[in-house]
Amino acid sequence: MKRESGADNTKAMPDVASNSMVDHIGGTLDWVGMSEIHLPARVSDTRVGERPVSTSIQAYVNLANPDAKGIHMSRLYLMLEETFGDHSVSPASIEQLLGNFLETHEGLSTRGFVQFDFEYSMRRPALKSSYAGWKSYTVSIKASLGEEGLCTEMYVEVPYSSTCPCSAALARQLIQEKFREDFQSGKVDVDEVFEWLGTEEGIRATPHSQRSIAQVRVLLDKAAESFPITALIDSIEEALKTPVQTAVKRIDEQEFALLNGQNLMFCEDAARRLKHALDPQPCYRDFWLRVNHLESLHAHNAVAIVTKEVDGGYLPIP
């Protein structure tokens, strides 16, 4: 339809939230908002500065007014775009965002929440050679703002290799028995044994190992100015000693085998290593961690869970 020149054709849009014919059932709600909001962003990493990431975001406010029909969802989305179009994702910008959530929902909401989920790529060198490659780590940043102030936590997943100590002992026993069988004459020649150790007949058994995953959640210090993503991942990999590799040559694969042999661990050992590594770091007010050994022997997984054990902190739940 052709518009008339100079006429105001703006129509009054129906406000269903305010004038719905549906009977209103009063009551408060813990969270109302949106999930799966996909936005490009820059995250502020303590060690490496700003890094571009592609995020999936959840944004919520509570509905504290039992008589209100709902919240202003579009405002949450617009403020996300506004805030992180100009600023990197940092504790300060998140606090600003959540403060704006509450300011624009005055009389409706008293708490705000946001969560950023993304894959974080890091270039990692090989163990021995000059090779290097990219590894991707699952990362989440969550923050809530209410009467108690800003609460920020970070979550990472780190893959590593674990070799079963029991399986290693059983493999060594079979090798011992084969050695006795092949050298029962009692006359042992060093060169002959050396050659024997390099054969499949000599090393007749190997321990089983599996790809494993450390899931770590940390509550950040209130004074944090950026997110210690790289620092936390480095701490985890340094404690476990057997991070999965990217591009490798045979010299790297041999070194990886050596590291696995020198760091035999049950899931309980891995969990204790991580607790020992994170406990003294003051930037983490609390932590929850779960290690998952994706068994190659069994069809099920071996799991251990541990927390920092602070009053009112994370519960040791799966």
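What covers the buried residues of helix H7? Part of the cover is strand E5 (149–163). Before you start clicking, note that this is a predicted model, in which local features need pLDDT of at least 70 and side-chain atom pairs count only at pLDDT 80 or more, while totals for chains, interfaces and linings use all residues. Residues are numbered from 1 along each chain as its sequence is written, and side-chain values use heavy atoms, with hydrogens and water left out.

**Stop 1: helix H7**

Select residues 250–262. This is H7, with 13 residues. Helices (H or I, at least four residues) and strands (E, at least two) are DSSP runs, numbered from the N terminus. At 1.5 Å a residue, H7 should span 18 Å, and its end C-alpha atoms are 18 Å apart, which agrees. The expected span is 1.5 Å times one less than the number of residues.

Now colour Asp-252, Glu-255, Leu-259 and Asn-260. These residues of H7 are buried (under 20% relative accessible area; exposed is over 50%, partly exposed in between; 1.4 Å probe, protein chains only). Look down the axis: the buried residues fall within an arc of 140°, so they line one face of H7. That arc is taken from the directions from the helix axis to the C-beta atoms. An α-helix has 3.6 residues a turn, so residues three or four places apart point the same way.

Turn to the face away from the buried side. Arg-250, Glu-253 and Gln-254 are exposed there.

**Stop 2: salt bridges**

The structure holds 11 salt bridges (a side-chain nitrogen of Lys or Arg within 4 Å of a carboxyl oxygen of Asp or Glu).

Select Arg-47 and Asp-234. Their closest N and O atoms are 2.5 Å apart. Arg-47 sits in the loop between strands E1 (29–45) and E2 (49–63), Asp-234 in helix H6 (residues 229–240), 187 residues apart. Arg-47 is exposed at 52% relative accessibility, whereas Asp-234 is buried at 13%.

Next, go to Glu-153 and Arg-217, a salt bridge of 3.4 Å, N to O. Glu-153 lies in E5 and Arg-217 in strand E6 (residues 209–220), so the pair ties together parts 64 residues apart in sequence. Glu-153 is buried, at 14% relative accessibility.

Then pick Asp-279 and Lys-308, with closest N and O atoms 3.0 Å apart. Asp-279 is in the loop between helix H8 (267–278) and strand E7 (284–293). Lys-308 is in the segment after strand E8 (302–307). Asp-279 is partly exposed, at 34%.

**Last stop: the network**

Select Arg-47, Arg-124, Lys-135, Asp-234 and Glu-237. Salt bridges that share partners join these residues into one network.

Definitions and conventions. Contact means heavy atoms within 4.5 Å.
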